[in-house]
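Welcome to this short tour. Please open the model in your viewer and get ready to select a few places one after another.

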Amino acid sequence: MIRFTRPHSLLSPVLALLTGALLMSSPSDGAAAEAAPKVRMKTSLGEMVIELYPEKAPKTVENFLKYVDDGFYKDTIFHRVIGNFMIQGGGFDAKMQQKPTRSPIPLESRNGLKNDRGTIAMARTSVPDSATAQFFINTVNNNGLNYPQPDGNGYAVFGKVIEGMETVDKIAQVQTTRAGMHADVPREPVIIESVERVK
């Protein structure tokens, strides 16, 4: 699974997961598309804007925006980077200390959204309903993460990067190392400086 704290094997990206786009409405409905909430994520390597899909993943988007509004993501890092796979963040500070979170949310992976390049999805453990604050951004089309793969449950996509994929790609290219029990940790911290709603 895309995991939170325990170490994982990297025999392959999907095995590491096991151990470790559609709009809100029809494309012709311009008003609904305009209403899709967006957030701007500023990192130490650049910015990105992420559009969210509450009609497809209501509980996931509500949960994510609550963390955004609380300022939870400020000074967290992208703590797990696998270049030709995904970048994961939103749970640890630069000293690799995990932040306390609210209770886990239900898995919304059966919403028809795919883990394609540029989409954002929730990280979780091997327990389907275990996602809290951590997320990952797919750097390639990861068909092996779509429901029901890879474990019968899939990973819940809830939005997509609509500006700043160059920032995602820059993060995906950083050098990584091990940090204690954690693998694929950037040698130089990639800091999430802020995540705020786009008004």
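This is a predicted model: local features need pLDDT of at least 70, side-chain atom pairs count only at pLDDT 80 or more; totals for chains, interfaces and linings use all residues.

Is serine 109 buried or exposed? Its relative accessibility is 6%, and because buried means under 20%, serine 109 counts as buried. You will find serine 109 in the loop that runs between strand S4 (86–93) and strand S5 (119–122).

Now show what surrounds serine 109. Setting aside residues up to four places away in sequence, serine 109 touches Tyr147, Asn153, Gly154, Tyr155 and Ala156. Zoom in on asparagine 153: its backbone oxygen lies 2.4 Å from a polar atom of the serine 109 side chain.

Next, head for the largest nonpolar core. Which of its 32 residues touch the most other members? They are Phe64 and Tyr73. Helix H3 (residues 58–69) gives the most to this core, with five residues.

Select phenylalanine 64 and display its contacts. Apart from neighbours within four places in sequence, phenylalanine 64 is in contact with Val39, Leu52, Tyr73, Ile120, Phe135 and Phe158. For a last stop, look for a second, separate core of 11 residues, including Ile82, Met86, Ala123 and Phe136.

Note on methods
Residues are numbered from 1 along each chain as its sequence is written. Side-chain values use heavy atoms; hydrogens and water are left out. Helices (H or I, at least four residues) and strands (E, at least two) are DSSP runs, numbered from the N terminus. Buried means under 20% relative accessible area, exposed over 50%, partly exposed in between (1.4 Å probe, protein chains only). A polar contact is a pair of N or O atoms within 3.5 Å; within protein, one must be able to donate a hydrogen and the other to accept it, and residues adjacent in sequence count only if both atoms are side-chain atoms. Contact means heavy atoms within 4.5 Å. A nonpolar core is a set of buried Ala, Val, Leu, Ile, Met, Phe, Trp, Tyr and Cys residues joined through side-chain atoms within 4.5 Å.
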